[in-house]
Amino acid sequence: MVKSKIKLQTKKLNVWYGNMHVVKDFTLKIPEKKITAVIGPSGCGKSTFLRSLNRMVELVPGARVSGEILLDGENIYDKDVDETEIRLRIGMVFQKPNPFPKSMYENVAYGLKVRGITEEKKLRLLVEESLKKVGLWEEVRDRLNRSALELSGGQQQRLCIARALAVKPEVILMDEPCSSLDPIATAKIEDLLFELKKDYTIVIVTHNLQQAARVSDYTAFMYAGKLIEHGRTEEIFERPKDKITQDYITGRFG
Amino acid sequence: MKLGTRKKLSEQLEDLKSKTMEMGALASTAVEKAVESLVKRNVRLAKKVIKEDDKIDDLEFEIENNCMHVIALQQPVAKDLRTIGTCLKIITDLERVGDRAVDIANITIEMAGRAPVKPLVDIPRMAELAVGMLRDSMRAFKEGNSSLAFELGKRDDEVDRLAHQVTRELFSYLVEDPKKISDAVRLMLVASFLERIADHATNIGERVIYMEKGEMVRIN
Ligand SMILES: Nc1ncnc2c1ncn2[C@@H]1O[C@H](COP(=O)(O)OP(=O)(O)OP(=O)(O)O)[C@@H](O)[C@H]1O
Ligand SMILES: [Mg+2]
């Protein structure tokens, strides 16, 4: 079904919090430079699944993971893999914009510094490039040294995306990136997604089914920790095969 | 999983379907009456068919409008969306069926007062088959019955065969008696209109299969 090159792939992925089994035997292929949307009812494990893709779930005390996650064919849970490196290659954007309480410039430069880039001129250039990519440069170029918290919610979210982009990740995970944004800011982020997928592989969790339908190439429907159905987005929204998928996307879920 | 949420959307879809059924019933009756007017040479009935076509046209607009509202306000997907898409396609077919009934009624009026070319046997037979197909295509739509829809393909072949036969027969009249040319040609047109009506019924059947299964298929 998926014809492009596979960037990221999970094989029989399971995640537990303590003895609560949250992600169950999840096997999914995520094609390169495409947008894959993950949809499903609240609490079904979408965020947990997303966080397991860059090993962030390990930061939760009591969390346990089994199965494989292959990034370009290499298991990111192998013992000799450095998780910080993984998180640089697989970036994440969260539901609520979470800029650091620092200047706009520092927010975007942060990851670059972690990567060992210290030369001021180079940093400036990369910060500018990232801010241009998210369409924020013109809005903030004159006040880069002011606090990121001064920005509006939509601007903050774009700043966070710029921060994720700055380190040139290969994959970007987005957990409901538009849920606190108005339709205009949402439209900007959606336009941005189309731009970004030229260079990046994107996985987006969203409760907004219309958004999933608008932006994604592939859609995965998750229910109670399991992958119920996965396919081209138009297939899922025009003729889902599974009854549960049909009930969920048509909003007839009791 | 309980159903029952999205009550409003479900009601709107039911309403669309019942209006489409109403349009189907009007179109079927129009064809039936138009052919009756032709056979009985009843100009009054023909005029009535022509007048009542307005109702079919009005319903087409009304249903199309309602479909647009539901799409804009409810953002339907999957089977809900396919049902609306199917209504939109079906009403175009039904509107054309109505127009063909008007064409036949006009022929009744044009041929009035002249001696008949021949007794009409195959044309009423064709009409019966075509109207039967149309009614069944609408029943298949109402019930979501794709096997009934599928059979329409075969029944359409029979109508095509009859149309061919009628045309051949009229052709011989046409050659025999030049005075009968214009009315023989008119009857050939009636046969081709009835053939078209059966094609519309077949199209409706294809849409019903799409609505039910999500697959676009040709059934003849
Ligand atoms: N840190 C945690 N510790 C323990 N349990 C957790 C933790 N985070 C999530 N859970 C539980 O795991 C399950 C899945 O949660 P998760 O956040 O992955 O769901 P979700 O699909 O993202 O839901 P939503 O759409 O509401 O964001 C839930 O039952 C939740 O209570
Ligand atoms: Mg979540």
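Buried, for today, means under 20% relative accessible area; exposed means over 50%, and partly exposed is in between, with a 1.4 Å probe and protein chains only. By that rule, 47% of the 220 residues in chain B are buried.

Some ground rules. This is a predicted model: local features need pLDDT of at least 70, side-chain atom pairs count only at pLDDT 80 or more, and totals for chains, interfaces and linings use all residues. Residues are numbered from 1 along each chain as its sequence is written, chains are lettered from A and ligands numbered from 1 in the order in which they are written, and side-chain values use heavy atoms, with hydrogens and water left out.

Chain B, then. How many helices and strands does chain B have? Six helices and zero strands. Helices (H or I, at least four residues) and strands (E, at least two) are DSSP runs, numbered from the N terminus. The C-alpha atoms of chain B fill a box of roughly 70 × 35 × 20 Å along the principal axes. Take contacts with a separation of 6 or more, contact being heavy atoms within 4.5 Å. In chain B, 84% of them join residues 24 or more positions apart.

Now surface and charge. Chain B exposes about 10,900 Å², and carbon and sulfur atoms supply 53% of that. The areas are Shrake-Rupley with a 1.4 Å probe; for residues, only the protein chains shown count as cover. Chain B carries 36 positive and 38 negative side chains. Lys and Arg count as positive, Asp and Glu as negative; His and chain ends are not counted. The centres of the two sets lie 2 Å apart. Each charge is placed at NZ of Lys, CZ of Arg, CG of Asp or CD of Glu.

Next, patches. A patch takes residues with over 30% relative accessible area and no salt bridge, with like charges joined within 9 Å. A salt bridge is a Lys or Arg side-chain nitrogen within 4 Å of an Asp or Glu carboxyl oxygen. On chain B, Arg44(B), Lys48(B), Lys51(B) and Lys55(B) form a positive patch. Lys48(B) sits in helix α2, residues 43–74. Lys48(B) is at 48%, so it is partly exposed.

Chain A has a negative patch: Glu68(A), Glu74(A), Asp78(A) and Asp80(A). Asp80(A) is in the loop between β5 (74–75) and α2 (83–89). Asp80(A) counts as exposed because its relative accessibility is 70%.

Last, Thr233(A). Buried or exposed? Buried, because its relative accessibility is 4%. Thr233(A) belongs to helix α9, residues 233–238. Beyond four places in sequence, Thr233(A) touches residues including Ala212(A), Ser216(A) and Tyr218(A). Tyr218(A) is 15 residues away in sequence, yet 4.6 Å away C-alpha to C-alpha.

Definitions and conventions: Patch = residues over 30% accessible without salt bridge, like charges linked within 9 Å, V, L, I, M, F, W, Y side chains within 5 Å.
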